[in-house]
Amino acid sequence: MLEEVDHHENDHQWKRTGNNFSDGGRAIDVRTQNGHVVVRWNIVHDMVALQDVDDSGSGVNVSQGRQVEIYHNTFYNLPPPSGTASPAGYAIRFGGQGGKIGLASILNNIVMNADMNMYINLPEIDKLVSDHNLFFPAKPTPFRINFNDTSFLDWQIQVYGYDCRSIVPNNFSFVGPGDF
């Protein structure tokens with residue numbers, strides 16, 4: 001199993017597909033990518049939040065890219081931050097680190113038991129498309145938008161027209177710890 005992938009170069013295209021990430025501090029971190037980033041068909045589960053380490057226990061972080069696509073991934077059991085570290089325990093993070101993203105697409109993902117479902121800094125994203133996701137939040141405010149924690153309903157209102165077909169079910173029992 002892969003524990004973490006860091007990418008800090010300026011390539012035209014970068015893909016991470018079909019991996020199983022677990023027991024690491026962070027699954028995927030793309031910080032200086034000027035081209036096309038694709039993260040799809042990955043399972044990120046049972047990550048570890050390290051004491052006083054930002055971004056630990058987390059899934060995908062992209063801070064820069066012309067076009068970023070996060071789709072058909074499953075995120076499960078991403079714990080809250082430990083000690084003073086923040087942010088941590090998020091499934092998907094765009095922005096918040098001074099980079100710029102042209103088009104950000106978040107489609108057809110499953111997020112369960114993550115401290116933060118999505119961490120999005122809208123001023124750093126030219127266009128956001130997010131829909132057809134399935135969220136099972138671990139707390140009442142599982143989204144961090146522009147550095148403010150918010151509920152799923154508020155997230156839909158803040159980015160009117162996005163995640164309209166995404167759902168937060170009352171029962172999410174078809175995924176369990178033994179399924180990975």
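Modeller: Let's start with a word: a contact means heavy atoms within 4.5 Å. This is a predicted model, where local features need pLDDT of at least 70, side-chain atom pairs count only at pLDDT 80 or more, and totals for chains, interfaces and linings use all residues. Residues are numbered from 1 along each chain as its sequence is written, and side-chain values use heavy atoms, with hydrogens and water left out.

Biologist: Okay, what share of the contacts with a separation of 6 or more comes from residues 24 or more positions apart?

Modeller: That share is 66% in the protein chain.

Biologist: Where is confidence lowest, and where is it highest?

Modeller: We use pLDDT, the predictor's confidence in each residue, from 0 to 100. Strand 1 (residues 5-7) has the lowest mean, 50, while strand 11 (residues 101-107) has the highest, 95. The chain's mean is 82.

Biologist: What makes something a strand here?

Modeller: Strands are DSSP runs of E with at least two residues, and helices are runs of H or I with at least four, both numbered from the N terminus. The protein chain has 17 strands and 1 helix.

Biologist: How do you know that strand 9 and strand 12 pair?

Modeller: Two strands pair if DSSP finds at least two bridges between them. Strand 9 (residues 74-78) and strand 12 (residues 110-114) have 4 bridges and run parallel, so they pair. Both belong to an open sheet of 5 strands, in the order 3-6-9-12-15.
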